[in-house]
Amino acid sequence: MPVKSPVAPEDELDPLPPKTRRVGFSQTLSRWDVKVSPYLYISPFFILFLITGLFPILYTGYVSVHQWQMLQGQGDFVGFKNFTDVFGQPDFWKSLRNTFSIFLLSSIPQVIAAILIAALLDQNLRAKTFWRMGVLLPYVVAPVAVGLIFGRLFADQSGLINSWLTAIGLPAVQWHVSPLASHFAIATMVNFRWTGYNALIFLAAMQAVPRELYEAAIIDGAGRVRQFFSVTIPQIRATVIFIVITSTIGGLQIFDEPRVFDSTGQGGASRQWLTMTLYLYNTGWSGQYNLGRAAAIAWLLFLLILAIGMVNFFVTQRIATGSGAPSKREIKAAKQRYDAQRKSA
């Protein structure tokens with residue numbers, strides 16, 4: 001008769017080793033997909049920015065500290081000599097003055113006119129599409145064509161503007177001689193092209209403002225002007241800042257209009273409408289053929305745009321959040337009053 005050995009109690013048996021959870025390849029791939037995919041989706045923008053934006057800026061800085069001629073190519077390292085040479089040229093200071101003058105005469109009236117036109121187009125008008133597309137028409141006109149047309153309008157001897165002025169007894173204006181008159185003529189071209197474009201951007205922002213806010217403001221007794229400054233402007237604050245920044249960049253980089261304002265494209269006989277971009281072009285590719293100095297001008301223009309853009313950003317943000325704008329609590333209270341009014345009606 002076989003004898004069975006006694007069975008050991010369960011607590012004396014060796015514990016089984018813990019089972020290791022095996023992660024499959026598909027699960028690992030899924031985790032990496034969640035972590036990496038968002039960066040891959042946005043990477044094309046940054047790759048394009050590195051190639052077309054950041055690299056040219058850095059390479060321009062490299063060229064600006066070297067002696068670099070159009071025909072001879074790269075020369076010796078000269079440090080900041082190109083910058084000091086630019087500061088020593090009278091044309092640079094004239095171009096800086098002209099750029100600021102044309103920028104102020106174009107950007108400020110342009111933004112104000114655009115927001116007023118957008119406010120009118122936001123009303124209940126007949127043939128809305130016609131009016132909205134009509135303001136965009138000047139934008140599709142080529143800049144060279146605008147320059148040629150307005151160059152004839154502002155001609156000193158036979159221009160249409162001077163004909164109107166002399167017809168009403170006013171003296172003719174020397175548009176191509178006086179610095180301020182030439183700046184006004186060039187700013188008129190800029191405003192003609194870009195006011196309608198900016199107006200449509202403002203209009204798109206105004207269309208997104210909740211209509212309940214206007215109805216609540218009407219219940220509170222606010223008129224059209226009060227609604228515009230207390231409801232519309234605060235609600236489109238981000239768009240206002242965007243337009244101001246883009247107008248600043250475009251206004252300081254103006255080239256086409258002063259280039260075609262006369263046949264020579266040199267910014268006037270005494271450089272009375274020579275802008276910085278036109279001065280940059282003449283330094284690098286027409287006249288001096290000094291690419292190192294042109295690169296220095298480009299970097300100075302970049303720093304100038306950056307500084308003025310930041311100033312405009314802070315000023316615009318402060319104006320848009322001024323004491324005249326309602327707070328979020330006031331807007332919420334206005335909505336509650338409007339809802340209560342509708343329920344009681």
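Trainee: Which backbone oxygen lies 2.8 Å from a polar atom of the side chain of Arg 271?
Mentor: The backbone oxygen of Gly 268. A polar contact here is a pair of N or O atoms within 3.5 Å; within protein, one must be able to donate a hydrogen and the other to accept it, and residues adjacent in sequence count only if both atoms are side-chain atoms. Keep in mind that this is a predicted model: local features need pLDDT of at least 70, side-chain atom pairs count only at pLDDT 80 or more, and totals for chains, interfaces and linings use all residues. Residues are numbered from 1 along each chain as its sequence is written, and side-chain values use heavy atoms, with hydrogens and water left out.

Trainee: Where is Arg 271 found?
Mentor: In the loop between helix 11 (256-259) and helix 12. Helices (H or I, at least four residues) and strands (E, at least two) are DSSP runs, numbered from the N terminus.

Trainee: And what does Arg 271 touch?
Mentor: Asp 91, Lys 94, Arg 97, Asn 98 and Gln 266, leaving out residues up to four places away in sequence. Contact means heavy atoms within 4.5 Å. The C-alpha atoms of Arg 271 and Ser 95 are separated by 7.7 Å, and these two are 176 residues apart along the chain.

Trainee: Why does Arg 271 count as partly exposed?
Mentor: Because its relative accessibility is 24%. Buried means under 20% relative accessible area, exposed over 50%, and partly exposed in between (1.4 Å probe, protein chains only).

Trainee: On to helix 12, then. How many of its ten residues are buried?
Mentor: Eight, so helix 12 (residues 276-285) is mostly covered. Among the buried ones are Met 276, Leu 278, Tyr 279 and Asn 282. Just after helix 12, Gly 287 takes a positive phi of about 110°.

Trainee: What about helix 6, which residues are buried there?
Mentor: Ile 161, Asn 162 and Leu 165, in a helix that covers residues 160-167. They sit on the same side of helix 6 because they cover an arc of only 95° around the axis; the arc is that of the directions from the helix axis to the C-beta atoms. The buried residues of helix 6 pack against helix 5 (143-153), while the face turned away from that buried side carries the exposed Trp 164 and Ala 167.

Trainee: New topic: which residues have the most contacts inside the largest nonpolar core?
Mentor: Ile 115, Phe 202, Met 206 and Ile 236, in a core of 23 residues. Helix 3 (90-121), helix 7 (179-207), helix 8 (211-219), helix 9 (224-235) and helix 10 (237-252) each supply at least two residues of this core, and helix 3 gives the most, with six. A nonpolar core is a set of buried Ala, Val, Leu, Ile, Met, Phe, Trp, Tyr and Cys residues joined through side-chain atoms within 4.5 Å.

Trainee: What does Phe 202 touch?
Mentor: Its contacts include Val 111, Ile 115, Ile 236 and Val 240, not counting residues up to four places away in sequence. A second, separate core of 18 residues includes Phe 92, Leu 252, Ile 297 and Leu 301.
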